[in-house]
Amino acid sequence: MFATVVVAIALLSPQHKHSHGQVHRPTLTKAQMEARRVMGEHTAIRAGFTKVARTFERKDWKTLRSMLTSDFRQVEPNKVVKNSDQAVAELRRGLGPLSELKVKFNVMDIKLTGGNTATVESRYEANGRDGNKNVHIEGSETDRLRKVGGQWKAAYIRVHDESMSVDGRVVSHMP
């Protein structure tokens, strides 16, 4: 009886080893394969947002620029549209003078909209120092990403709102 139970468990387990040493893995359904692909893309996209945050902190504008598509556009809450060079230049002006810069993205939603496109909803926060003053920036955005050469890159960013405070006092706000 014990031997029968052991054999049944071995045969019914998701993978089992034959006497010749070959391991058999179960065949995945199309739905399971798609779920794994989606999970992998979500993981890659979240990792990309972490990389962007570290790039901001290092003030590595060249690497940041390489994370944007050649036709990148950013739309601010006041409807001003910027290309990649203008967006990176503004970040350089705004974040460049800050020391002890820490940046965080909270990715709230990811939707794969095609094989090589995705839409991401996120909130961001940056904290740093300008001399002896504490600077805090926060906002939210929708990003449209495109996979180029196997890498997710920002093609379009719509900033919904952004606030900046210095020593706890709001100095600018774009609703």
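Guide: What follows goes from the overall layout to the pockets, then to the strands and residues around them.

This is a predicted model, in which local features need pLDDT of at least 70 and side-chain atom pairs count only at pLDDT 80 or more, while totals for chains, interfaces and linings use all residues. Residues are numbered from 1 along each chain as its sequence is written, and side-chain values use heavy atoms, with hydrogens and water left out.

Start with the layout. The protein has four helices and nine strands. Both are DSSP runs numbered from the N terminus: helices are H or I with at least four residues, strands are E with at least two. Along the sequence the pattern reads α-β-β-α-α-β-β-α-β-β-β-β-β. Of the 175 residues, 29% count as buried. Buried means under 20% relative accessible area, exposed means over 50%, and partly exposed lies in between (1.4 Å probe, protein chains only).

The largest pocket holds about 780 Å³ of space. Its lining has 38 residues, and the closest to the pocket centre are Phe 56, Gln 74, Leu 91, Glu 141 and Glu 162. Two or more lining residues come from each of helix 2 (30-58), strand 3 (68-75), helix 4 (84-95), strand 5 (99-114), strand 6 (117-130), strand 7 (133-148), strand 8 (151-166) and strand 9 (169-174). Strand 8 gives the most, with seven residues. By class, the lining divides into 25 nonpolar, five polar and eight charged residues.

The search uses a 1 Å grid over the protein atoms alone; a cavity is a set of points where a 1.4 Å probe fits but cannot get out, while a pocket is an open set with protein on both sides within 12 Å along at least five of seven lines. Lining residues have an atom within 4 Å of a point. Grid points are joined across faces, edges and corners, and a volume is the space filled by probe spheres set on the points. Ala, Val, Leu, Ile, Met, Phe, Trp, Tyr, Cys and Pro count as nonpolar; Asp, Glu, Lys and Arg as charged; the others, Gly among them, as polar.

The second largest pocket has a volume of about 190 Å³. Among the residues that line it are Glu 41, Lys 51, Met 67, Lys 147 and Trp 152. Helix 2 supplies the largest share, four residues. The lining of this second pocket splits into three nonpolar, four polar and four charged residues.

Next, the strands. Strands pair if DSSP finds at least two bridges between them. Strand 5 and strand 6 run antiparallel, joined by twelve bridges. Asp 109 has Glu 121 in strand 6 as its bridge partner. These two strands form a hairpin with two residues between them. Strand 6 and strand 7 are also antiparallel, with 14 bridges. Ala 118 is bridged to Leu 145 in strand 7. In that hairpin, Gly 131 takes a positive phi near 65 degrees. Five bridges join strand 8 to strand 9, again antiparallel. There, Ser 165 stands opposite Val 170 in strand 9.

Turn to the core. A nonpolar core is a set of buried Ala, Val, Leu, Ile, Met, Phe, Trp, Tyr and Cys residues joined through side-chain atoms within 4.5 Å. The largest one has 30 residues, and Ile 45, Phe 56, Phe 105 and Leu 145 touch the most other members. Phe 56 is also one of the residues closest to the centre of the largest pocket. Leaving aside neighbours within four places in sequence, the contacts of Leu 145 (heavy atoms within 4.5 Å) include Ile 45, Phe 49, Val 120 and Trp 152. In soluble globular proteins, nonpolar side chains tend to be buried together.

Last, two backbone positions. Most residues other than glycine have a negative phi. Lys 79 has a positive phi near 75 degrees. Lys 79 lies in the loop between strand 3 and strand 4 (81-82), and is exposed, at 57% relative accessible area. Asp 167 also has a positive phi, near 50 degrees. Asp 167 sits in the loop between strand 8 and strand 9, and is partly exposed, at 46%.
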